[in-house]
Amino acid sequence: MRLLSALSGSSNGARSTRPIFFLLVCFVALLVDAKGKDPTLHHTYFKTPLSKLVYFKSPTTILGLDKTTNSGKVFRSADSGEHWGEIAAITKASRLYAHPHDPLTAYALSEGSEHWVTHDEGKTWSGFSTPGAPTTAPGERPLAFHAERVGWILFFAEKCKEETGGWWPFPRMVCHDEAYYTKDGFGQAAKDHKAGDRSGSAITALLGDGKPVAKCLWARQTKEFEAMAEAAIFCLEIVPESETAENKRSLDDRRSLTGGIAGILDKQTSRSTVQLTVSEDFFSTKRTVHFGSGNDGAGGDRAGGGVVAVSVVKNYVMAAISHAHSNEMDLFVSMDGHTWAESRLPLPPGTEEDAYTILESTAHSVLVDVQTSSAGALGTLFRSNSNGTYYTASLEHTHRSASGLVDVERVHGVEGVIIANQVANWEQIGRGIGGILHREKLELKSRISFNDGARWHFLQPPKKDLDGKALGCSRDGWETGQCALHLHSVTSTRTPGRVFGSPSAAGVILAVGNVGSQLLPWRECDTFLSRDGGITWKMVYREAHHVQLADSGSVLVLANDEVPTDVLAYSLDSGDTWTNAALDQKMRVSALFIDDDGLSPVVLAVGTAREGAHKHEQVVVSVDFAKSWSRQCSLDPKDPKAGKDTELFVMSSHDDDDCIMGHRSEHIRRKPSADCFMRLDQVL
């Protein structure tokens, strides 16, 4: 009070200090409000851990699956993870899927023939039965969804029988998959189930009872593909062995197909006993696709082998076929499901097309990575023309994991930006079995493209480290990759979901990496931020962190991934300043989660408690930034413009060109200094 009296210039404390005290309190309050209030944290403990989280379109509603116990429990939160309740109607669930095109629907599947469906975000559930248990084929999902007819769903059931024969004297179980379909989202099956009929007879066999398939998919599994009828379905049918004279493979080999959109097409799954068929009337009639010259088989199957995999990518249908007498494959493409053409990839002479990985592509071109070494660690990235038939090499020596994942990832929220990792010592690693045995010796360097893979650059390193000390990278060091920024990507990241960026946070990227001549192991890296789509970067935290973007990029959240921690770091001003939010106790954070579009103001931190009464239990922390600001940003989502709270972000490139992919790429986003929340229900 003496300080206030002195500031007032009067000895009458009772009268002179009150106005100044009031003004100072208001001033302090304004400072606090400009910074934003701390998030609200709620901790929930699970004695057996949730193995999967599923968000509905409304990100406040989340489902959690605990399949570690015999009961197969499913939990639900209707308040963004603040409170959780067990769903009593569900028992022994083993898989959980949200319908990708129906915002209110989800399915909980058991390992048997009884399952559950909700059409109101998990408030109520109905049981239904299927003719068999869901498929367990590696890489295959038991449900396939139509992009427009949300009630049209394919279901894949596993059918097994006991066999004896050959040199093995004991009985063995031999299994195959069969395809079924429903046109009402299992509605009639649920009614029959409620009435006591558990046969699954309301679900129709697609090819007929007992007909084995490797895979089936809707032609319109993506909204971009409109060239075929609504009911068009592609199937990889397994031809009875009696009909194939050559290259017979075991049933287990025939079932090992992996793939899907951005799927892996691998020579090890090739088979001569699988053919691609297509129907536009639920297989009342069908035709077999022969990959020769012309439409639907004119000219026959040139390679003489079987179909390895089929996938619909945007507005392209891609199929890989094996050669009858070698491990090579060929890739074919169609834009209408009728006319097929071989994809011409300019591989070096003598290179076998051992495996393809179809990466996330655009409606204008396809990105395909081709495995180019027997070790499996190396690939070459190719970029197609508009109809997917002719390709140019985009990037050599791409890094591939043993399972076929490729370190090539799009930056979400902006167009045409891709980050990839190359194997620098490819000559030492790329040949023979040594590539498999010595993957830890790979030297990886990161590259970035701002025009969908047409040109590549090394990533520009920050000028200074976290302490303001110059990192000392010259322009030559950056441009040659000897002193550049290198980032962990698909094969090594510990971030679930999208690796770089968010659909609702244009240009904002949080990533883990290092500055130097090559990428270091995860635990030796630091955490970096870009706000211009990857052109420039700055270090924001030492050590590797889990990262997440919330509220359309307005909130940045980090959790230390190297040691147990009792705090989460967050920024409300785009990384200019950081604040710690205290946890109830130390926990080993395993991941940070948010809805697919990054619209929610709530991040879930999931990990294991390391102390206290809940030691060793899983803890799910709801970190809620909804009340960090008292008002919503001034913005019309239907007509977004730059204003008091928002700014125009124009994606450019290293060439100082404001054109990306042939046009000016403009985005509206919150200003770092704005004292408001976005709270949008759609991506701008």
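## Disulfide C160–C175

C160 and C175 are joined by a disulfide with an S to S distance of 2.0 Å, a disulfide being a pair of cysteine sulfur atoms within 2.5 Å. The link connects distant parts of the chain: C160 sits in strand β12 (residues 153–165) and C175 in strand β13 (residues 168–182), 15 residues apart. Helices (H or I, at least four residues) and strands (E, at least two) are DSSP runs, numbered from the N terminus. About the S-S bond of C160 and C175 the torsion is about 110°, so this disulfide is right-handed.

C160 is partly exposed at a relative accessible area of 38%, whereas C175 is buried at 15%. Here buried means under 20% relative accessible area, exposed over 50%, and partly exposed in between (1.4 Å probe, protein chains only).

## Model and conventions

This is a predicted model, in which local features need pLDDT of at least 70 and side-chain atom pairs count only at pLDDT 80 or more, while totals for chains, interfaces and linings use all residues. Residues are numbered from 1 along each chain as its sequence is written, and side-chain values use heavy atoms, with hydrogens and water left out.

## Disulfide C473–C483

The sulfur atoms of C473 and C483 are 1.8 Å apart and form a disulfide. Its S-S torsion is about -60°, so the link of C473 and C483 is left-handed. C473 lies in the loop between β32 (457–458) and α7 (475–480), and C483 in the loop between α7 and β33 (484–487), so the pair ties together parts that are 10 residues apart in sequence.

In terms of accessibility, C473 is partly exposed, with a relative accessible area of 24%. C483 is buried, with a value of 18%.

## Disulfide C633–C676

C633 and C676 form a disulfide with their sulfur atoms 2.1 Å apart. The link is right-handed, with 90° about the S-S bond. This pair also links distant parts of the chain: C633 is in the loop between β43 (618–624) and β44 (646–651), and C676 is in the segment after β46 (663–670), 43 residues apart. Both C633 and C676 are buried.

## Overall pairing

A search of the whole structure finds 4 disulfides, among them C160–C175, C473–C483 and C633–C676. When the bonded cysteines of the protein chain are numbered in sequence order, the pairing reads 1-2, 3-4, 5-6, 7-8.

A further cysteine, C525, is buried, with a relative accessible area of 1%.
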